[in-house]
Amino acid sequence: MLARTMARYYIGGFIGGLLLAALAALLWPLPEHHRFRSLIDVLPNGGRAETFVIRWPQDRLELPGDFLVGDRVARAAALGLMVLEDERDGRVSAELFRLRDSAGNVIGVAARMAIAPPAGARSTTDWLLVIPSRGSLALRQLDSRDLAARRISRGGASWASPALDDSRVWAGRSRMTASAGPVAGMRGSVLHGNGEFRGMTGRHTETWTVDERLPDGFARGRILIETEMQRSSE
Amino acid sequence: MMRWIAAFAGLLTGLVIAVVALLLNPVPHRGLLQPLSGDDVLTLRYQQVNSRGFDPSLPAFLGRPPYPEDRMPLPDPALRHLRTTMLVLTGREDGRLGLAVRTSALARDNSLLQGRLATEEHWLLGWPGEPGMVATASSNHWFMLRDELWSRLHGSGVVLYPRYLLSSLGSGRTLPEIAAAGSPFAGGTLREWVEPGQGRASHWVIQLQPPAPPPPAP
């Protein structure tokens, strides 16, 4: 009798253990991304307009560590910048930034990859905007000039993104449209959307604005990425 | 008293068996994507060294991210569960170098019951003189984290398998995809796995494959 009672209690406990573990696995509060309210304007054609902002230099994402692969890869960790050159002096440079909405909230990260052919022709830039709570948006543009990072030797730096960190670009002006195509009106195009941006098509404009010129030749300012998008089925 | 001891023993046994069953859960296998094959597959290797943000460890997936200073956390609330990496890709066949930015965000549909501890991967890839590529994929770290946990409990420090597939179906059962206007890989797919270093640095491998050509018209 005692053995049967013990067995009943053991089996009850066993089932309780199974249920407890299953409930813990089911109800464990897995982390979620913090989301700010999306600041989207609805356009007359039913599309949507959204502006993203990057403040430089403070939104540059510094990276840790050291990374060298031969003499054709360079990185400027403090700038969140990496550059690769090939034998014909073609360059590809990658930069990382925090991404803000138009209210100034940090909502994601932006990666900029500029690919420059040899001989100073205009570069092509791909932007990847990753907003963890919403998805990602990839943009492509023909640049208005060569905007891939290049060698400089000033202020202890050896590489710089030309317009962001080199005030020679800004002589006589404080605003520049970085995008120059392939869409008419100096606009780039939406390349790909994921998550909330899946199926989006549209265009964008990238504009750089200088707020302050620094004595060491660098500058402070903003990058504005203004998008106009609609679902491809709309 | 004996009855409660029996119940407690049953509870412990049930818990252990449930946890083992959870760890041996076959469900995650169904979402894993096998490596690509074919002459048109581009295989690239890299070491993940220039990362910033959350560490894809079990505590991080469970909402207890360790943020030691040398990891350079991203303290902004919207970036707490995000990791971004700059890396140099090396072609396995020709040794050609390329640059990539990889951004990993905790997936929004993770589930312990379904064996899904995944990140949504967003890739930006570029080579000098070629059109860039953007790729999105989903990586399920379940098996690697499970075996790391086992390895720690066991005290061996040895990872069980020489290769862990990461690429899996994404939320909504989406496949990895490549967007690359002007490149033969546009519309193609991607796979990724990690080769644990067994005490040394691990290597990651990604494969890119262009879409299959359309069948010839009858």
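## Basis and confidence

In this predicted model, local features need pLDDT of at least 70 and side-chain atom pairs count only at pLDDT 80 or more, while totals for chains, interfaces and linings use all residues. Residues are numbered from 1 along each chain as its sequence is written, chains are lettered from A and ligands numbered from 1 in the order in which they are written, and side-chain values use heavy atoms, with hydrogens and water left out.

Within chain A, confidence is highest in strand E7 (residues 124-131), at a mean of 94, and lowest in strand E3 (residues 73-76), at 58.

## Chain B

Chain B contains 4 helices and 11 strands; these are DSSP runs (helices H or I, at least four residues; strands E, at least two), numbered from the N terminus. The C-alpha trace of chain B spans about 75 × 55 × 35 Å along its principal axes.

Of the 218 residues in chain B, 54% are buried, that is, under 20% relative accessible area with a 1.4 Å probe and protein chains only. Among contacts (heavy atoms within 4.5 Å) in chain B with a separation of 6 or more, 60% join residues 24 or more positions apart.

## Pro75(B)

Pro75(B) lies in the loop between helix H3 (58-61) and strand E3 (82-91) of chain B. Pro75(B) is exposed (over 50%), with a relative accessible area of 57%.

Residues up to four places away in sequence aside, Pro75(B) touches Arg98(A) and Arg80(B). Its C-alpha atom is separated by 8.4 Å from that of Gly53(B), 22 residues apart along the chain.

## Cavity and pocket

The whole structure holds 1 cavity of 30 Å³ or more; on a 1 Å grid over the protein atoms alone, a cavity is a set of points where a 1.4 Å probe fits but cannot get out, and lining residues have an atom within 4 Å of a point. The largest cavity contains about 70 Å³ of space. Its lining comprises 13 residues, with Phe36(A), Arg37(A), Ile107(A), Ile131(A) and Arg134(A) nearest its centre.

The second largest pocket (an open set with protein on both sides within 12 Å along at least five of seven lines) has a volume of about 480 Å³. Among its 20 lining residues, Val19(B), Leu22(B), Leu23(B), Leu112(B) and Trp142(B) are the closest to its centre. Helix H1 (2-27) of chain A, together with helix H1 (2-23) and helix H4 (142-154) of chain B, are the elements that give two or more residues to this lining.

Methods. Points joined across faces, edges and corners; volume = space filled by probe spheres on them. pLDDT = per-residue confidence, 0-100.
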